[in-house]
Amino acid sequence: MNTFESLLYENLILLDYKADSKKELLRNLAAILEEHGFVKESYSRAIIDRENRYPTGLNTLGIKVAMPHTDSIHVHKPAILVAKLAHPIAFKEMGGGVNDVEASLIFMLAITNPECHVTTLSKLMSIFSDKGSLVSLYEASTKAEVIQKLNAILT
Amino acid sequence: MSKMKKIFVACGSGVATSQTVASKISNLCEEEGLNVNVEAVDIKSLESIIDQCDVYVSIVSTGANNWNKPTISGIPFLTGVRMEEEFNKLKEFLVK
């Protein structure tokens, strides 16, 4: 079974997405997940709180990323939302929480059972250390292309 | 054969990052033939179990890491930036 494919949905791939602040971005992306029935109402607040406490910006080479996620109790159905931002948004860097990371690519995770998705998530995160893949993903111009590129990288 | 060393990786919710870093480190150790047990743990339960590990891999802010344990950063294993350097540090801790 290709578990990764089942976590990607065209209506959760956002291209040239615009937001004015990190909080607005997180709230809007969470609302999209909620609207499509993937997460509970509580997810939005939980993801914002967690991002404040444990930031997820990563100072990756090429394209900077952020990977907001939170506890599985806020999730109905697992998915990975991918947002390519029109303008980078400042996230705090994971680990230190001090430096800003101007993130252009957002992977918002809605995960119900971390153990059963660990392989998929590890593969997803393997992109973070691969500058070429990040740039290629960022340059994808259609939703289908994003999904196709992600699948190609991950299988 | 020395006793198997234990490595703990902790992140905020234990949802994704710690497991990923743990499996990455586990693979790297396996490739080098290192006899280790790498575990992803929840930061909330860390205080009660920290004594059981030999090396702690931190993904949360460094200010919270006042454990009296050899500590390395888990971030390089996600970004690949300075990963070798951090892995070498881990290996040094393991042979001690």
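Chain B holds an open sheet of 4 strands, ordered β2-β1-β3-β4, with parallel pairing. The model is predicted. In chain A, helices α1 and α2 pack against each other.

**The sheet in chain B**
- The edge strands are β2 (36-42) and β4 (71-73) of chain B; each has a single partner strand, so one side of each is left without a neighbour in the sheet.
- On average, neighbouring strands are turned by 25° against each other, direction ignored.
- Strand β3 (residues 55-58) of chain B pairs with β4(B) in the parallel sense, over 3 bridges.
- B:Tyr56 has B:Thr71 of β4(B) as its bridge partner.

**Helices on the sheet**

- Helix α1 (residues 22-35) of chain A packs with helix α2 (residues 42-53) of chain A at an angle of about 145°. Their axes are 9 Å apart.
- The crossing of α1(A) past α2(A) is right-handed.
- From α1(A), the contact involves A:Lys22, A:Lys23, A:Leu26, A:Arg27, A:Ala30 and A:Leu33. They meet A:Tyr43, A:Ser44, A:Ile47, A:Ile48, A:Glu51 and A:Asn52 in α2(A).
- The residues of this contact comprise 6 nonpolar, 2 polar and 4 charged.

Methods. Residues numbered from 1 in each chain as written. Chains lettered and ligands numbered in written order. Predicted model: local features only at pLDDT ≥ 70, side-chain atom pairs only at ≥ 80, totals over all residues. Heavy atoms only, no water. Axes fitted to C-alpha atoms, helices over the stretch in contact; angles between N-to-C directions. Helix = DSSP H or I, 4+ residues; strand = E, 2+ residues; numbered from the N terminus. Left-handed = near helix turned anticlockwise from the far one by under 90°. Contact = heavy atoms within 4.5 Å. Nonpolar A, V, L, I, M, F, W, Y, C, P; charged D, E, K, R; others polar. Pairing = 2+ DSSP bridges.
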